Amino acid sequence: MDDFIDKLGSVKPYIVAKEERDVDDGEYLQTPAELARFKQYTACINCLLCYSACPQYALTDSFVGPAALALAHRYNLDTRDAGRSAREDVVASNEGIWDCSFVGACSEVCPKSVDPAAAIQQTKIASTGDYFMKFLMPWKRK
Amino acid sequence: MSRRPYIREPSKTRWWLEQPRYVRYMMREISALFIGIYALILVVGLVQLSRGQAAYEKFLASAEGTTGLVFAVLAMFFAIYHTYSWFQVTPKAMPLTYDGKPVPGAIIIAVHWLGFVIVSAALWLLAGS
């Protein structure tokens, strides 16, 4: 459990705002469609069944693991968030998404129908895009 | 009183036999090996073709032998399983929305199969069979 809590903290599972706003400025607005993009991932209850099901985590306990990566993806998809590059060091590392070999057991056992396997594969695609964009447009930094 | 520690020590070599879903995963991964070997055989065939008719006919004869045929059937089986297993997971990696609503996974999978059939048919026609 301690291991998970450390890993969860390392992916910054909270909104990293673009700029600090005053309470007087009001709420951050979001449309239902924007909410729908990440809503399923908010259902995670940190039960760790996905870690128990994951053979990759059993073999390599340095793997950040399904729930933490799914939550990182949840915040990356959030329109109010600007923390993607701050999460990248952990998420896009070898111990992050690239340790996942897509067994898919995490999503099968999730009692809240969260799909961590999907979150990780989508993060892999996004991160691969980032990698190539670095060469194509080196001046553009997220 | 502290709880009994939870220790998970899977076998390094036999972990994938523990659960049917791990076996299915391993099958999907191993299927790539057969496809790789089949691709190598095709490359050898091309090399033999460049060496002239006699060499190519020798290659064809060995491919049509019992071992060649058994491997071809095995490779076919694994190639189909490979295609099936990866198409099944495409909705996870490529979720689509249309008109603000998520496109059902079954449609994404069906479109992949459709593309597969069209490309296969085009190749079949190009090969002139």
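Biologist: What covers the buried residues of α1(B)?

Modeller: This is a predicted model, in which local features need pLDDT of at least 70 and side-chain atom pairs count only at pLDDT 80 or more, while totals for chains, interfaces and linings use all residues. Residues are numbered from 1 along each chain as its sequence is written, chains are lettered from A and ligands numbered from 1 in the order in which they are written, and side-chain values use heavy atoms, with hydrogens and water left out. Helices are DSSP runs of H or I with at least four residues and strands are runs of E with at least two, numbered from the N terminus; contact means heavy atoms within 4.5 Å, and buried means under 20% relative accessible area, exposed over 50% and partly exposed in between, with a 1.4 Å probe and protein chains only. The cover of the buried residues of α1(B) includes, from chain B, α2 (53-63) and α3 (66-93), and, from chain A, α3, α4 (55-59) and α7 (105-109).

Biologist: Which residues of α1(B) are buried?

Modeller: Helix α1 of chain B takes in residues 20-50. Within α1(B), the buried residues are B:Arg21, B:Tyr22, B:Tyr25, B:Arg28, B:Ser31, B:Phe34, B:Gly45 and B:Gln48.

Biologist: What is the radius of gyration of chain A?

Modeller: Chain A has 8 helices and 0 strands, and its C-alpha trace spans about 45 × 35 × 30 Å along the principal axes. For 142 residues a compact globule would be near 14 Å, and chain A agrees with that, at 16 Å.

Biologist: What percentage of the residues of chain B count as buried?

Modeller: For chain A, 43% of the 142 residues count as buried. For chain B, with its 129 residues, the value is 19%.

Biologist: Does A:Gln56 count as buried or exposed?

Modeller: A:Gln56 lies in helix α4 of chain A, and, leaving aside neighbours within four places in sequence, A:Gln56 is in contact with A:Phe63, A:Asp99 and A:Ser101. Its C-alpha is 9.2 Å from that of A:Phe102, 46 residues away in sequence. Because its relative accessible area is 18%, A:Gln56 counts as buried.

Biologist: What is the phi of A:Leu48?

Modeller: Most residues other than glycine have a negative phi. A:Asn46, in the loop between α2 (32-36) and α3 (49-53) of chain A, has a positive phi of about 55° although it is not a glycine, and it counts as partly exposed at 27% relative accessibility. A:Leu48 is in the loop between α2 and α3 of chain A and counts as buried at 16% relative accessibility. Although A:Leu48 is not a glycine, its phi is positive, at about 70°.

Terms used: Rg over C-alpha atoms; globule rule 2.2 N^0.38 Å. Expected span 1.5 Å × (residues − 1).
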